[in-house]
Amino acid sequence: MTERPPIASIPTPLSASQMAWRRGIFFSLLILLTSSASWVMADLLWRGGMTCLEWCLTALFTPLFALVSFGFLQATAGFLILSGHDPLNINTLTAAHRQPDPASVTALVFPVCNEDVSRVYEGLRTMYLDLKRRGRLEAFDFFILSDSGVTNKWIEEEVSWVELCKQLNAFGKIFYRKRHLPLNKKSGNISDFCRRWGSHYRYMIILDADSLMDASAMNRLVVMMDANPGVGIIQTVPQLVGGTTLFARIMQFAAALYGQVFVAGMNFWQMGEGNYWGHNAIIRLRPFIEHCALPPIPAARKHARYLSHDYVEAALMRRAGYAVWLAYDLPGSFEGGPPTLIENAKRDRRWCRGNLQHSWLLFARGLHEINKVHLALGIMSYVSSLLWFLFLVMGTLHASCEVRASAGRRFDFDVGLTPFLDIGGIRLSLLLFLVTLFMLLAPKLYSLALALSRADIRDRFGGAGRVLAGVILEQSASVLMAPIQMLFNTQAVIGE
């Protein structure tokens, strides 16, 4: 039988009612902000009567503003947490635990498919030597799981594996396996490992080809899992590293400066019902094997299995009674990023296809509501680009129609909400624009305020002057790249 404690057994300083209060406040504010802004938008469009085009604009505005409000509230919660203390944090909950259980042997799993062999093996070497220096090597085994279909590539992988084992005297610690039939891509690769070797390990840490994790982070993940038998997955927040192009460096800067505010806010509302991002995470193997097999997609023709398997596996782990946490404040987890905008768009197209498949699960029985929120947010992260595109096209069309139809008519006349606020339509529309603009920029302003007020953050970026210069450059680049990325994602959504 699987060790399967109830979720209530997870140690937490907050009661169930307090946890519900957190989410209640968060989502109530979300509804309040969205409904208020939609009311104002409808009032602005109502002047002279609502046309079909204006109803469509209102219908598009509501979900788009809801996403803006969600990001704003999440960043606000993260800013307040980083300015003070978060009692409900998986790292804080296990602060008293320092040493892992000697019986906790962990597999470090590297699924690869036609990757840069030298990059993968040098990353593995770095992690191996770091564990050896810290005296923790015996508690970890390394597995290179290849699905490479190019003959020269998997031959290079195998030859490099032999050479690496010779250099490190690591035969019996570093293993290589090449699948003959790469069924179901990465998820099938991991499933094959679980069937063959999963029973020999308590945990596995999954790493991408461009992932790195230092020994202290891996050791801390094991300690947190040992201390919390009701936790099935702990996801770290990988820091982007290794960028050499301007695009990659801008993305690294943005992730390093702004990311902490968002992930701290994410932990505020999701708590033990977090998400799994497919890599740089530790997984409790027994419940993963027994409960996280991916279901087939109903009525699927093009794709028989979920491509974005990680969201689904997190939902299945929660359904089995195990918590999924985000260790947002755990340092020592790293990954690479796309070097160019085109490579980023290609990756987004793959992720778009996988996230849209999750629409089949939004009304599935047995899944927790917070997991459905994760699935819906993943879908909307791409569908919103199409909605923004339609909103901009319809808004432009509406503006041109209004210019022709409103000759001699004042937009400031009192209608609907305007007499109540005692301001004209132009001022009301300006107010809505400024509020929306502030909510979009607030996460960056929060992060900048934290960086300028804390010496440890300032020093990481080379001082206050460099932080300010980086923010200006990043914001300028974002303004230029946002419409391009919107069009890329719109094309990807329509193509599916």
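Reader: What makes the span of helix H6 close to the expected one?

Author: In this predicted model, helix H6 (residues 185-197) has 13 residues and reaches 18 Å from its first C-alpha to its last. The expected span is 1.5 Å times one less than the number of residues, and for H6 that comes to 18 Å, so the helix is close to the expected value.

Reader: Which residues of H6 are called buried, and what covers them?

Author: Ser187, Gly188, Asn189, Ile190, Asp192, Phe193 and Cys194 are buried in H6. Their cover includes E1, E2, E3, strand E4 (203-206), helix H9 (285-291) and helix H10 (309-319).

Reader: How does the span of helix H4 stand against the expected one?

Author: Helix H4 (residues 117-133) has 17 residues and reaches 24 Å from first C-alpha to last, close to the 24 Å expected at 1.5 Å a residue. After H4 comes Gly135, with a positive phi near 70°.

Reader: Which residues of H4 are buried, and what do they pack against?

Author: The buried residues are Val117, Val120, Tyr121, Gly123, Leu124, Met127, Tyr128, Asp130 and Leu131. They pack against strand E1 (106-112), strand E2 (140-146), helix H5 (151-168), strand E3 (174-178), strand E5 (212-213) and helix H7 (215-227).

Reader: Why is Cys113 called partly exposed?

Author: Its relative accessible area is 39%. Buried means under 20% and exposed means over 50%, with partly exposed in between, so Cys113 is partly exposed. Cys113 lies in the loop between E1 and H4. Beyond residues up to four places away in sequence, Cys113 touches Asp147 and Ser148.

Reader: Why does Thr34 count as buried?

Author: Thr34 has 11% relative accessibility, and the cut-off for buried is under 20%, so Thr34 counts as buried. Thr34 lies in helix H1 (residues 16-46). Leaving aside neighbours within four places in sequence, Thr34 is in contact with Thr62, Phe65, Ala66 and Ser69.

Reader: What makes Thr490 buried?

Author: The relative accessible area of Thr490 is 5%. That value falls under the 20% limit, so Thr490 is buried. Thr490 is in helix H16 and touches Ser385, Leu386 and Phe389, not counting residues up to four places away in sequence. Thr490 and Phe389 are 101 residues apart along the chain, and their C-alpha atoms are separated by 7.5 Å.

Reader: Where do H8 and H16 meet, and how do their axes cross?

Author: The axes of helix H8 (residues 246-270) and H16 come within 10 Å and cross at roughly 115°. The crossing of H8 and H16 is left-handed. Among the residues that meet are Phe247, Met251 and Tyr258 in H8 and Val467, Glu474 and Met481 in H16. This contact of H8 with H16 has eleven nonpolar residues, one polar and one charged.

Reader: How many helices and strands does the chain have?

Author: The chain has 16 helices and ten strands. Buried residues make up 49% of its 496 residues.

Methods
Residues numbered from 1 in each chain as written. Predicted model: local features only at pLDDT ≥ 70, side-chain atom pairs only at ≥ 80, totals over all residues. Heavy atoms only, no water. Helix = DSSP H or I, 4+ residues; strand = E, 2+ residues; numbered from the N terminus. Buried < 20%, exposed > 50% of the residue type's maximum accessible area, 1.4 Å probe, protein only. Contact = heavy atoms within 4.5 Å. Axes fitted to C-alpha atoms, helices over the stretch in contact; angles between N-to-C directions. Left-handed = near helix turned anticlockwise from the far one by under 90°. Nonpolar A, V, L, I, M, F, W, Y, C, P; charged D, E, K, R; others polar.
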